[in-house]
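The following note concerns aromatic contacts and their surroundings. Please read the points alongside the model.

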Amino acid sequence: MEMAKLRILSRNLQLSALNFQRSLNKIDAVKLKSEDVLCEKNRKSCVNKFKLVKTTNKYKDNVNQAAVLIPICMHKGELGILYTLRSSKLNSNRGQVSFPGGMYDKTDRDLEETALRETWEELKIPREKIDVWACGNLIDGKNVNIMPVLGYIGEIDPEKLEKNPDEVEEAFIIYLNDFCNPSLCRFTQFRDSYTLPTYLGGKHRVWGLTAVITHIALSALLPEVYKHKLVHLKSIVPSKAKINKSSTVVGDQNN
């Protein structure tokens with residue numbers, strides 16, 4: 001029964017991709033124009049939606065605080081979101097896709113300041129270039145509470161950014177157009193009953209907590225165009241095998 005559901009889901013993804021290609025050239029493409037996405041009306045709507053999102057009602061006490069910047073940017077005439085690939089020199093999460101950001105420092109005025117400071121340290125993007133739209137609610141991560149900060153950083157060429165080699169291996173952009181393509185949006189289902197989004201539209205796969213924050217931002221920024229839904233399926237693994245904590249990316253042929 002579950003395998004049949006997976007086949008149906010795969011067919012639906014293919015049909016969604018075809019429908020996307022037909023419709024994006026007409027109505028949706030207009031809604032992805034920079035002047036519409038960045039206009040004051042959409043900005044206010046986005047900020048209101050972004051601030052309302054809560055992933056938990058109870059945060060861990062006595063844990064570290066951190067912040068990340070979700071950098072909306074312009075590149076080659078298209079809007080996108082800038083990501084970094086963490087350096088292999090780091091002790092934790094090395095080689096993983098992330099947003100610029102890091103741990104709160106006692107010299108920081110607040111968590112917004114943390115996100116801006118870390119962005120400068122990692123990519124040398126000055127604070128004056130970052131138009132902060134909103135700070136979201138804390139997200140309960142692993143032994144850390146993380147604040148997402150949404151902002152627009154203007155025209156960016158990821159190849160020309162002055163990356164800190166001790167922290168950043170690479171910087172890359174995923175265009176908003178690709179986030180709205182169903183064939184490039186998948187989900188990772190973990191065997192302890194939760195599902196997270198996964199995005200395939202860039203040089204590297206975006207998953208985990210970074211994908212969750214991306215999903216929150218896109219749902220607020222592009223409510224009429226971004227339609228990625230997270231689908232949960234019952235486990236098809238025998239109960240004895242559930243001790244394995246691995247996960248499955250549904251519909252992803254690259255894994």
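1. Phe99 is buried, with a relative accessible area of 4%; buried denotes under 20% relative accessible area, exposed over 50% and partly exposed in between, with a 1.4 Å probe and protein chains only. Tyr83 is likewise buried, at 0%.

2. The rings of Phe179 and Tyr199 form an edge-to-face pair, with centres 5.2 Å apart and planes at 85 degrees. Rings of Phe, Tyr and Trp (its six-membered ring) pair if their centres lie within 6.5 Å; planes under 30 degrees apart are stacked, over 60 edge-to-face, and the rest tilted. This pair links distant parts of the chain, 20 residues apart: Phe179 lies in helix 5 (residues 176-179) and Tyr199 in strand 10 (residues 194-199). Helices (H or I, at least four residues) and strands (E, at least two) are DSSP runs numbered from the N terminus. Phe179 is buried at 2% relative accessibility, and Tyr199 is buried at 1%.

3. The whole structure contains 3 aromatic pairs. One of them, Tyr83 with Phe99, is stacked, at 4.9 Å centre to centre and 25 degrees between the planes. Ring pairs join Tyr83, Phe99 and Phe172 into a cluster.

4. Lys124 lies over the face of Trp120, 5.2 Å from the ring centre; the criterion is NZ of Lys or CZ of Arg within 6 Å of the ring centre and within 35 degrees of the ring normal.

5. The model is predicted: local features need pLDDT of at least 70 and side-chain atom pairs pLDDT 80 or more, whereas totals for chains, interfaces and linings use all residues. Residues are numbered from 1 along each chain as its sequence is written, and side-chain values use heavy atoms, leaving out hydrogens and water.
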